Amino acid sequence: MKKQAGVTLIGFLFMLIIAGFFALMAMRLVPAYIEFGGVVKAMNQIANEPGSAQKSVSEIRGDLAFKGSFQYVDDATLGANSQAVKVERKNGQTTLSVNYDKKIPFLYNIDFLVHFQKTVALKGNVG
């Protein structure tokens with residue numbers, strides 16, 4: 001007699017539930033990482049602009065929010081009143097930093113908390 005090999009229906013359902021759980025996690029988390037990719041792209045565009053270091057803080061924030069809107073970045077993340085955006089000028093060097101947390105609802109009372117942080121140096125000398 002030949003012995004049968006394979007997955008039982010219960011085993012298949014168990015694997016399907018696990019795969020579905022991880023697929024749900026990915027569907028919730030991937031958009032936040034795509035948004036952060038847009039933030040990084042907008043920051044790099046500003047950093048590569050000649051004379052970006054001479055701009056005022058409000059101009060840099062406005063440029064970042066404007067460029068971020070083309071990258072599908074939420075206004076709450078990089079808006080004009082956002083505390084996530086910081087511009088620092090030290091020792092003739094200007095840096096643009098973005099530091100924010102994103103709370104992502106998952107199931108019932110379970111949320112993901114994802115932290116994003118990026119700093120770039122702006123071109124040009126501070127006068």
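In which strand is K102 found? K102 belongs to strand 2, residues 93-107; helices (H or I, at least four residues) and strands (E, at least two) are DSSP runs, numbered from the N terminus. The model is predicted, so that local features need pLDDT of at least 70 and side-chain atom pairs count only at pLDDT 80 or more, while totals for chains, interfaces and linings use all residues. Residues are numbered from 1 along each chain as its sequence is written, and side-chain values use heavy atoms, with hydrogens and water left out.

**Surroundings of K102**

- The side chains of K102 and E35 form a salt bridge at 3.0 Å, N to O; a salt bridge is a side-chain nitrogen of Lys or Arg within 4 Å of a carboxyl oxygen of Asp or Glu.
- Because E35 lies in helix 1 and K102 in strand 2, the pair ties together parts that are 67 residues apart in sequence.
- Both E35 and K102 are buried (buried means under 20% relative accessible area, exposed over 50%, and partly exposed in between, with a 1.4 Å probe and protein chains only).
- The side chain of K102 also makes a polar contact with the side chain of T77 at 3.5 Å; a polar contact is a pair of N or O atoms within 3.5 Å, where within protein one must be able to donate a hydrogen and the other to accept it, and residues adjacent in sequence count only if both atoms are side-chain atoms.
- Apart from neighbours within four places in sequence, K102 is in contact (heavy atoms within 4.5 Å) with A32, E35, D74, T77, F112, L113, V114 and F116.

**Pairing of strands 2 and 3**

- Strand 2 and strand 3 (residues 110-121) run antiparallel and are joined by twelve bridges; two strands pair if DSSP finds at least two bridges between them.
- Within this pairing, S97 stands opposite T119 of strand 3.
- The hairpin of strand 2 and strand 3 has two residues between the strands, and Y108 takes a positive phi near 45° there.

**Other salt bridges**

- The whole structure contains five salt bridges.
- One of them joins the side chains of D111 and K103 at 3.5 Å, N to O; D111 is partly exposed at 35% relative accessibility, whereas K103 is exposed, with a relative accessible area of 62%.
- Salt bridges that share partners link E49, K55, D63 and K67 into one network.
- In the pair of K55 and D63, the side chains meet at 2.5 Å, N to O; K55 counts as partly exposed at 23% relative accessibility, and D63 counts as partly exposed at 22%.

**Nonpolar surface patch**

- V7, L9, F12, L13, M15 and L16 form a nonpolar surface patch with about 620 Å² of accessible area together.
- Patches are made of residues with over 30% relative accessible area and no salt bridge, with like charges joined within 9 Å and nonpolar side chains (Val, Leu, Ile, Met, Phe, Trp, Tyr) within 5 Å; accessible areas come from the Shrake-Rupley method with a 1.4 Å probe, and for residues only the protein chains shown count as cover.
- V7 lies in the segment before helix 1 (9-47) and counts as exposed at 57% relative accessibility.

**S69 in helix 2**

- S69 is placed in helix 2, residues 57-70, and is partly exposed, with a relative accessible area of 38%.
- A polar atom of the S69 side chain lies 2.5 Å from the backbone oxygen of F66.
- S69 and G92 are 23 residues apart along the chain, and 30 Å separates their C-alpha atoms.
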